[in-house]
Amino acid sequence: MAVRRVVACNFETTVPGGFQGGHMHHCHAIGCHREIPPRRFMCRQHWYALPRHYQQAIWRHYRPGQERAKDPSDEYRTVARDAINWLSATSQKGR
Ligand SMILES: [Zn+2]
């Protein structure tokens, strides 16, 4: 029984892209280097600063696994770029 438990643990930690196996990446906001899980687009702070329609558009175009395949759709790239630009324009105005 004990052996079975160890095997299960090893399996979990070595699954690529699994609960612990995924590598972290950085928030997409310009100048932000916070580490976030790959499936997240931005860190909490920046994500919640985005207008709702950007958040919805990003999730609409998000394909599960695209962060591993490194193959997001053109729509996702476009909306991601717009959101990043919007955020940088807004934070500059705010100063
Ligand atoms: Zn950020």
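**Figure 1. Contacts and overall layout of the protein.** Of the contacts in the protein with a separation of 6 or more, 29% join residues 24 or more positions apart. The model is predicted. Its secondary structure comes to 5 helices and 2 strands. Read along the sequence, these elements follow the pattern α-β-β-α-α-α-α. The protein has 95 residues, and buried residues make up 12% of them.

**Figure 2. The largest nonpolar core.** This core holds 10 residues in all. They are Cys27, Ala29, Phe41, Met42, Leu50, Tyr54, Ile58, Val79, Ala83 and Leu87. Helix α5 gives the most, with 3 residues. In soluble globular proteins, nonpolar side chains tend to be buried together.

**Figure 3. Close-up of Leu87.** Leu87 is one of the residues of the largest nonpolar core. Set aside its neighbours within four places in sequence. Leu87 is then in contact with Ala29, His46, Ala49 and Leu50.

Figure 4. Ser91 sits in helix α5, which covers residues 74-93. Is Ser91 buried or partly exposed? It is partly exposed, because 15 other C-beta atoms lie within 10 Å.

**Figure 5. Ser91 and Ala49.** Along the chain, Ser91 and Ala49 are 42 residues apart. In the model, their C-alpha atoms are separated by 9.8 Å. Ala49 is also one of the residues in contact with Leu87.

Technical notes: Residues numbered from 1 in each chain as written. Predicted model: local features only at pLDDT ≥ 70, side-chain atom pairs only at ≥ 80, totals over all residues. Helix = DSSP H or I, 4+ residues; strand = E, 2+ residues; numbered from the N terminus. Buried ≥ 20, exposed ≤ 12 C-beta atoms within 10 Å, placed from the backbone. Core = buried A, V, L, I, M, F, W, Y, C linked by C-beta atoms within 7 Å. Contact = placed C-beta atoms within 7 Å.
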